[in-house]
Amino acid sequence: MTSFHPPRLRLSVVKIPKPQIVSRHVCNFLAATTLSSDAQLDFHPTTHPSSSDPIQDPAQAIPSLLSNCPNLLELNQIHAHIMRTRFLESYPASFQWNNIIRSYTRLEDYRHALRVYTAMSGAGVSPDSYTIPIVLKAVCQAFAVGFGRQVHSVAIRHGLESNEYCESGFISMYSKGGEFENARKVFDQNPQRKLGSWSAIIGGLSQGGRAKEAVAMFMEMKKCGFEPDDVTMVGVTSACGSLGQLNLALQLHKCVYQVKRSEKSHILTLNSLVDMYGKCGRMDLAYRAFSRMDERNVSSWTSMIVGYAMHGQMNAALKCFKNMREAGIRPNHVTFIGVLSACVHGGAVQEGKHYFDMMTTTYRIVPGMQHFGCMVDLLGRAGLLEEAREMVERMPMKPNIIVWGCLMGGCEKHGNVKMGEWVAEHMIELEPWNDGVFVVLSNIYASRGLWREVERVRGIMKERKLDKVPAYSFTTNAH
């Protein structure tokens, strides 16, 4: 098989973060360390102003500060101090660089994590088997697949590409970027692959919309004698949910409990069961799995809410949301997508407005595209087309085709010709190849008896050689 060699890494200059106000214990430590005249570190044990314990050696203290850093303000301050005092020149081991990269990744400043890695490469410090997986996590979260290819070339140069954690990281990275052929090349190149690589390829296929392939890969893994772990089960149950195959879901449920007996089960695995049964249309089984959980987090509750909403059970979804809040669990942006979707299916306009306002004012969650899409859909279905239009016009981001489609659906339902034409213009601008816009516009004209306009639109469709694509359903005998 041909070896896979991505392009070499190109380096850029890392920016030194600006100092910012941080907590007192960090300030005390930073104030106790200074740069000597010969530009080398001159750290000495110093008595802490509020404690009788001396400050420990910086090689130990800095990693401790980084690992316990609670926010980016403190992290930026610590990093700025490290750069000013040239700490990394006196302690150039990859371990120290890894701590900084890991801290920025943990606090979700992924771009900064990648800049630190670039600075590490520029300083001539070689990455180790701990560096690459951390960097790849930042790459995946930042969707920087191009950067990841360069990291891959570095890993190959240092003989790290076959390391279990590096290999699974590359598989996940290419899968997340939609480069499934490259992900499969990485997977196939190592005949001695470990369970982590199997889990990565299964999870990548599942998240990439290739559910059938993910399930097939899981079956192949079992034939090869591997027993799944929690990560594997999360990937394959998600794929099963996408397929909606209940028989497979029941079999996978047994596998989950086998994993639970062999090693400590994570709440993520049990959440995936709830999500899987919900997508398979069995909310009774989803609730049974949910009710048996010893501990529930925001994802547990959100899976139930989204499941109820998906199947039009508005009252159950809203009751579940109420119970979630009473349990002291703070909802996230996905929770509110489920709540608003439930309101859409139930036609509950006032409730939808109430929860949208709760999201922004009570929980300070910035509405995203999907939240606006739900509100536009809700208002459009109710015939409040002017309110829906105002919602679209005041969106902080450019509406996508789905948001416009929701408004177009409202125009079709209520026969609003003028607004339908306005929406159609925007939809054609976004997707000039999409014949659905012309079909819906033609339906709006027909509902108002504007047959000349219907013929005109049909003439345009004929000129563009557009034909309506018949709908189809994926059916199984799982139900």
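Contact here means heavy atoms within 4.5 Å. This is a predicted model, where local features need pLDDT of at least 70, side-chain atom pairs count only at pLDDT 80 or more, and totals for chains, interfaces and linings use all residues. Residues are numbered from 1 along each chain as its sequence is written, and side-chain values use heavy atoms, with hydrogens and water left out.

I'll start with Ser-126. Apart from neighbours within four places in sequence, Ser-126 is in contact with Ser-94, Met-120 and His-158. With His-158 there is a side-chain polar contact of 3.4 Å (a pair of N or O atoms within 3.5 Å; within protein, one must be able to donate a hydrogen and the other to accept it, and residues adjacent in sequence count only if both atoms are side-chain atoms).

Next, the rings. Rings of Phe, Tyr and Trp (its six-membered ring) pair if their centres lie within 6.5 Å; planes under 30 degrees apart count as stacked, over 60 as edge-to-face and the rest as tilted. By this rule there are 11 aromatic pairs. For Trp-198 and Phe-226 the centres are 5.9 Å apart and the planes at 45 degrees, so this pair is tilted.

How accessible are the two partners? Trp-198 is buried at 1% relative accessibility, while Phe-226, at 25%, is partly exposed. Buried means under 20% relative accessible area, exposed over 50%, partly exposed in between (1.4 Å probe, protein chains only).

Tyr-287 and Phe-290 form another tilted pair, 6.5 Å centre to centre with 35 degrees between the planes. Tyr-287 is partly exposed at 46%, and Phe-290 is buried at 5%.
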